[in-house]
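Here are a few notes to read alongside the model.

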Amino acid sequence: MRDLAEIAVAVATEAGELAKATRENAIRDVDTKSTRTDVVTAADKAAEDLIRTRLGELRPEDAVLGEEAGGATGTGVTWVVDPIDGTVNYLYGYPWYAVSVAAQVAGVSVAGAVVEPASGRTWWAAQGEGAWLNGIRLSVSAPVDLSVTLMATGFAYAAQRRQAQAAAVAKLMGTIRDIRRNGSAALDLCAVAAGWVDAYCERGLSRWDWAAGALIAAEAGAQVELPGEATDLGADAIYAAAPSIAAPLRAALIDAGMGAF
């Protein structure tokens with residue numbers, strides 16, 4: 001597993017360097033996907049191409065599933081790739097974006113890395129090996145109750161669904177300390193691992209958004225529920241929280257209507 005994690009770090013780092021170096025040119029070539037606000041840049045495509053090339057050299061028998069070029073899961077190791085998680089941030093020059101690369105076996109993440117080109121931070125984890133940030137082992141926070149709980153979340157690209165998510169969050173705001181909405185699911189999950197936030201919940205993500213970050217959060221001690229595992233929060237919900245508040249926060253999210261849309 002550690003060997004797979006080292007490969008994830010290496011290819012994500014190289015892709016991140018490419019994205020950072022080519023940003024000024026890449027953002028001049030912007031397309032959209034599901035809505036006008038769901039953007040993809042030339043750097044997203046170039047970074048994924050690079051990752052696929054490197055993985056083909058290092059692990060030619062493995063399958064690759066990526067955000068931009070698709071793919072399918074295989075019977076052995078499948079690499080799940082988000083070449084730039086937080087593309088809107090990247091487009092605007094907001095530095096909270098990352099390259100996420102995970103190795104999965106039978107749909108379960110066993111190694112992964114999340115690399116931040118702007119800051120140089122490298123997050124990684126391997127199953128049973130803990131979670132790490134630039135050589136420092138990570139551990140989740142331990143808030144004493146919901147009143148001092150800081151939660152990260154994100155919103156959908158479709159306006160109607162985004163409004164429903166915002167309404168649920170508004171109902172929650174009287175219960176918790178505050179909300180953070182930074183625009184990168186992978187980094188929000190890493191923030192849970194580091195104790196920078198106490199929890200994270202979002203709906204509507206794809207596998208490449210959470211494959212590496214969820215493992216990093218879990219290996220740091222977070223209670224993690226993946227899409228399909230927390231159906232009362234929504235069939236497409238992901239939830240990661242410090243164990244000390246995981247149960248009451250989950251209940252508060254359900255009461256606020258997080259699973260109702």
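1. Let's begin with an arginine. In this predicted model, the side chain of R23 reaches the backbone oxygen of L91 at 2.9 Å. The side chain of R23 also makes a polar contact with the side chain of E24, at 2.9 Å.

2. As for its setting, R23 is found in helix α2, which covers residues 23–26. R23 counts as buried because its relative accessibility is 16%, under the 20% cut-off. Leaving aside neighbours within four places in sequence, R23 is in contact with Y90, L91, Y92 and G93.

3. Next, please turn to a helix pair. How do the axes of α6 and α7 cross? Helix α6 (residues 185–194) and helix α7 (residues 207–219) have axes that cross at roughly 0° and come within 8 Å. α6 is therefore roughly parallel to α7.

4. Which residues make this contact? From α6 come A185, A186, L189, C190 and A193, while α7 brings D209, W210, G213, A214, I216 and A217. By class, the residues of the α6 contact with α7 divide into nine nonpolar, one polar and one charged.

5. Is α6 buried or exposed? Ten of its ten residues are buried, so α6 is largely enclosed by the rest of the structure. The buried residues of α6 include D188 as well as L187, A191, V192 and A194.

Notes: Residues are numbered from 1 along each chain as its sequence is written. This is a predicted model: local features need pLDDT of at least 70, side-chain atom pairs count only at pLDDT 80 or more; totals for chains, interfaces and linings use all residues. Side-chain values use heavy atoms; hydrogens and water are left out. Helices (H or I, at least four residues) and strands (E, at least two) are DSSP runs, numbered from the N terminus. Buried means under 20% relative accessible area, exposed over 50%, partly exposed in between (1.4 Å probe, protein chains only). A polar contact is a pair of N or O atoms within 3.5 Å; within protein, one must be able to donate a hydrogen and the other to accept it, and residues adjacent in sequence count only if both atoms are side-chain atoms. Contact means heavy atoms within 4.5 Å. Axes are lines fitted to C-alpha atoms, for helices over the stretch in contact, and angles run from 0 to 180 degrees between N-to-C directions. Angles under 35 degrees count as roughly parallel, over 145 as roughly antiparallel, 65 to 115 as roughly perpendicular and the rest as oblique. Ala, Val, Leu, Ile, Met, Phe, Trp, Tyr, Cys and Pro count as nonpolar, Asp, Glu, Lys and Arg as charged, and the others, Gly among them, as polar.
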